[in-house]
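Here are my notes on this model, as numbered points. Please read them with the coordinates open.

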Amino acid sequence: MPMNSLVSKTADICDIKDIEEAKGIIGKYARKTPLIQSMFLSRNVAHGDVFLKLENMQLTGSFKFRGANNKINHLTDEEKKRGVITASAGNHAQGVALTGKLLGIDTTVVMPDEAPQLKRDATRGYGAEVDIHGATFDDTHQWMNERAEKEGKTIVEPFNDKYVIAGQGTIGLEILDEIWNVDTVIVPVGGGGIISGIATALKSFNPSIHVVGVQSENVHGMEASVEAGKITTHHDDFTLADGTDVATPGDLTFPIVQNLVDEIVLVSEDEIAMAMKDLMQRTKICVEGAGALPTAAIESGKIDKKWLENKKTVALVSGGNVDLQRVSKIIDHFLAPVGTKKGIG
């Protein structure tokens with residue numbers, strides 16, 4: 001695969017060789033997820049070919065299994081014996097917990113107060129100790145560091161890690177395996193792990209592929225950091241996209257996004273809810289808020305038409321771990337008579 005100057009700037013963090021190695025490692029465990037065309041988005045919205053990469057069908061219901069599995073498989077025997085600990089709103093938590101169960105490693109997961117009950121229960125179901133602590137992800141992450149130091153546990157970072165980034169980057173290789181001439185790829189952004197890996201894989205193959213990140217208007221630390229030209233923090237309010245509720249990006253992911261991601265767009269909570277509803281109703285896909293971000297960006301017109309019309313576009317459905325109570329609220333919201341709609345929380 002050809003290298004280009006932008007990719008070479010971040011090769012010391014994660015490069016295509018790391019991603020190809022990860023593909024071989026996690027191939028023993030992870031699923032190669034489906035890539036299907038959405039006729040609704042293709043014909044009615046984008047006026048091009050829009051494909052959905054269904055990571056909601058990955059083990060644990062999220063792409064996060066890839067990075068967690070790759071990272072833990074790179075630990076030394078001594079690091080594994082000490083047990084691992086991570087901080088997560090839920091999807092990385094499940095990836096770490098299931099990998100720990102498969103490899104016989106004790107796992108501890110620190111989750112924020114607002115972590116959905118579904119994700120708490122699923123993480124415990126894979127055998128992990130769940131510690132609820134912190135109003136925000138940053139608070140949760142700090143407590144993880146304190147527990148790791150006190151108890152001697154091995155930290156598995158949720159996004160700011162070379163092997164986690166490489167594991168997520170295997171999604172990019174799978175996209176290229178099926179659509180080598182893809183024009184535009186749209187990816188949710190939280191701390192930046194998944195878009196860093198996917199952008200590295202895609203740009204190593206073809207620098208002209210247009211990579212778009214999507215964040216909530218309520219929480220967009222990465223977009224704010226790119227705009228400021230340095231790592232900064234942004235967290236205004238609750239977001240339906242709880243899987244991307246990260247106020248401050250990582251010092252490894254930020255330079256990759258800064259160099260390789262072409263643009264980051266912001267969507268509202270109503271636009272996220274609409275995308276969740278349409279993915280369920282039109283394409284029969286159960287999706288969480290973070291997984292609906294790319295679709296929300298397409299439907300809301302936040303992405304310039306030139307990157308969609310008559311183009312081959314892949315929108316990542318990053319996960320499907322959505323609380324049924326939240327689904328019920330969204331359905332009720334859109335069924336309510338005009339003028340009586342309430343906010344979705």
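1. Helix H8 (residues 137-151) lies across strands S3 (84-87), S4, S5 and S6, and runs at about 165° to S3. Helices (H or I, at least four residues) and strands (E, at least two) are DSSP runs, numbered from the N terminus. Axes are lines fitted to C-alpha atoms, for helices over the stretch in contact (heavy atoms within 4.5 Å), with angles from 0 to 180 degrees between N-to-C directions.

2. This is a predicted model, where local features need pLDDT of at least 70, side-chain atom pairs count only at pLDDT 80 or more, and totals for chains, interfaces and linings use all residues. Residues are numbered from 1 along each chain as its sequence is written, and side-chain values use heavy atoms, without hydrogens and water.

3. The open sheet has 4 strands in the order S5-S4-S3-S6, with parallel pairing; a pair requires at least two DSSP bridges. Its edge strands are S5 (129-132) and S6 (154-155), each pairing on one side only. S4 (residues 107-111) is joined to S5 by 4 bridges, and Thr 108 has Glu 129 as its bridge partner in S5.

4. The structure holds 2 cavities of 30 Å³ or more. A cavity is a set of points, on a 1 Å grid over the protein atoms alone, where a 1.4 Å probe fits but cannot get out; lining residues have an atom within 4 Å of a point. The largest cavity has a volume of about 300 Å³ and is lined by 31 residues, with Lys 64, Gly 190, Gly 243, Thr 244 and Val 246 nearest its centre.

5. The second largest cavity holds about 40 Å³ of space. Its lining includes Pro 116, Leu 240 and Arg 326.

Key: On a 1 Å grid over the protein atoms alone, a cavity is a set of points where a 1.4 Å probe fits but cannot get out, and a pocket is an open set with protein on both sides within 12 Å along at least five of seven lines; lining residues have an atom within 4 Å of a point. Grid points are joined across faces, edges and corners, and a volume is the space filled by probe spheres set on the points.
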